[in-house]
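Hello,

Here is the structure I promised to pass on.

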Amino acid sequence: MDSLSLSGICRHQFSPITMLDFNQSNHRIEKAGFVRKPEKDNETVDLRDRNHVAWTSVRQERWEGELVVQGEIPLWLKGTYLRNGPGLWHIEDYNFRHLFDGYATLVKLQFENGRLIAGHRQIESEAYKAARKNKKVCFREFSEVPKYENFMAYVGDIAKLFSGASLTDNANTGVVKLGDGRVVCLTETQKGSLVIDPNSLETLGRLEYSDSLGGLIHSAHPIVTDAEFLTLLPDLVNPGYLVVRMEPGTNERKVIGRVNCRNGPAPGWVHSFPVTEHYVVVPEMPLRYCAQNLLRAEPTPLYKFEWRPESKAFLHVMCKASGKIVASVEVPLFVTFHFINAYEEEDEDGRVTAIIADCCEHNADATILDQLRLQNLRSFNGKDDLLPDARVGRFTIPLDGSPYGKLESALEPDEHGRGMDMCSINPTKLGKKYRYAYACGAQRPCHFPNTLTKLDLVKKKAKNWHEAGAVPSEPFFVARPGATEEDDGVVISLISEKNGNGYALLLDGSTFEEIARAKLPYGLPYGLHGCW
């Protein structure tokens with residue numbers, strides 16, 4: 001095949017490795033790394049030793065097999081963990097700029113009777129299939145745009161941008177299970193909502209929303225429960241956000257209410273947002289969408305956004321039932337990708353007096369976006385401390401009409417190495433008062449979060465897991481059936497190693513000690529978010 005090699009699927013053993021190669025006739029080798037053209041015929045180039053496997057394109061499009069387990073997987077752990085994320089960062093000899101540009105790689109870990117079947121597969125978005133066919137970027141990715149042959153081609157692409165036709169559907173950010181059982185991979189664009197088969201990992205098609213709400217983008221992290229799907233639709237024309245709900249078994253989103261932005265020329269970026277039992281919290285961050293940057297053929301350091309500190313920062317609280325705004329407060333400047341959880345604070349009479357909302361907060365430093373350029377991630381020398389500081393930022397939003405809210409650290413940032421992102425909690429605590437969260441922290445010097453950390457937000461302490469040279473992905477908590485303690489369960493993470501290997505890791509949710517690991521046939525690229 002002249003475009004892309006596919007491996008077969010091999011159960012219960014490691015399959016032969018067939019490399020991803022968009023052109024097999026030019027004497028180039030692609031072994032777990034990016035490639036350059038040979039200096040002369042028949043010269044092969046193997047870059048496995050140059051880049052950490054976490055930042056290296058996935059070796060093959062598809063693989064499945066049983067892993068050998070060291071330790072013991074709890075017999076109660078039955079089900080499938082799915083993890084989504086960028087996994088292919090090149091086309092031909094062209095290397096992508098940014099971590100978020102990569103074409104999506106979906107990974108599964110299937111647990112039953114103490115055994116573990118693993119697999120991965122590329123998500124077949126239109127963007128990925130077009131790149132594979134045409135050997136070039138064909139849609140607008142996070143930082144990448146198609147290369148235009150002439151000015152008229154650029155003008156034509158701009159016209160497609162306004163209709164959404166040129167935006168990517170590369171669903172490389174998250175994966176959720178809807179209340180009706182459908183499993184959907186997501187990204188920032190609405191068209192990038194792709195339904196997949198959780199067993200075969202096959203891409204089944206696009207989730208076509210049946211309403212007439214329109215818009216091109218949404219939050220990449222909806223709130224999903226068995227009962228509903230909540231998300232935010234930013235309005236770039238009349239700056240604000242629609243808060244919408246979709247019930248299981250339908251594709252129709254219905255408007256709960258609208259939040260108008262308090263300031264700024266455009267809405268703040270809403271990669272995620274929190275909810276409580278009765279309220280939706282809508283963040284208005286001073287890192288705002290920027291129409292001019294969307295139109296550029298080359299990216300700026302903040303890509304599709306701009307930092308507007310003069311526009312200030314706000315949090316809005318909307319009642320889920322009525323759609324009414326019950327609070328809108330100015331808060332200190334902040335930058336966050338991921339909210340962790342939120343809950344309602346009550347007085348002794350049971351009246352809700354405030355909303356508490358926690359997030360992975362980057363000390364109002366928007367440069368974290370540019371730190372995630374692949375060149376930066378691949379150039380770490382092991383000595384320089386390049387990771388910007390982060391913390392668990394805790395917002396207090398009063399519901400008494402006060403115009404201001406508070407932002408402070410929920411615990412001392414040194415507890416987790418002043419690195420903080422990619423959090424999960426016990427899902428039974430969603431929107432409720434909680435004690436524990438699991439996240440990626442830091443052991444410095446480092447340039448990217450390199451530890452797993454268990455946060456105790458009551459005792460304000462953290463337990464940390466670290467292995468030299470390892471890059472762990474999001475720690476995902478799975479509760480033990482029948483558990484009464486919040487941290488009774490296991491934490492799952494996929495680990496990429498400096499030597500090119502990788503493994504699945506299970507930690508005890510309570511003690512945070514390792515209980516099992518299973519080596520993969522080869523290391524996988526860093527991934528983002530998962531679901532059970």
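**What turned up**

M152 counts as exposed, with a relative accessibility of 59% (exposed is over 50% relative accessible area, buried under 20%, and partly exposed in between, with a 1.4 Å probe and protein chains only). M152 sits in helix α2, residues 151–163 (helices are DSSP runs of H or I with at least four residues, numbered from the N terminus). Together with F151 and V155, M152 forms a nonpolar surface patch of about 340 Å² accessible area.

Please keep in mind that this is a predicted model, where local features need pLDDT of at least 70 and side-chain atom pairs count only at pLDDT 80 or more, while totals for chains, interfaces and linings use all residues. Residues are numbered from 1 along each chain as its sequence is written, and side-chain values use heavy atoms, leaving out hydrogens and water.

The average pLDDT (the predictor's confidence in each residue, from 0 to 100) is 90 for the chain, and 90% of the residues score at least 70. Over residues 1–19, pLDDT stays under 50, and pLDDT also stays under 50 over residues 21–49.

Now the cysteines. The whole structure has zero disulfides (pairs of cysteine sulfur atoms within 2.5 Å). C185 is buried at 0% relative accessible area, and C531 is buried at 10%.

Best wishes

Terms used: Contact means heavy atoms within 4.5 Å. Patches are made of residues with over 30% relative accessible area and no salt bridge: like charges are joined within 9 Å, nonpolar side chains (Val, Leu, Ile, Met, Phe, Trp, Tyr) within 5 Å. Accessible areas come from the Shrake-Rupley method with a 1.4 Å probe; for residues, only the protein chains shown count as cover. A salt bridge is a side-chain nitrogen of Lys or Arg within 4 Å of a carboxyl oxygen of Asp or Glu. Helices (H or I, at least four residues) and strands (E, at least two) are DSSP runs, numbered from the N terminus.
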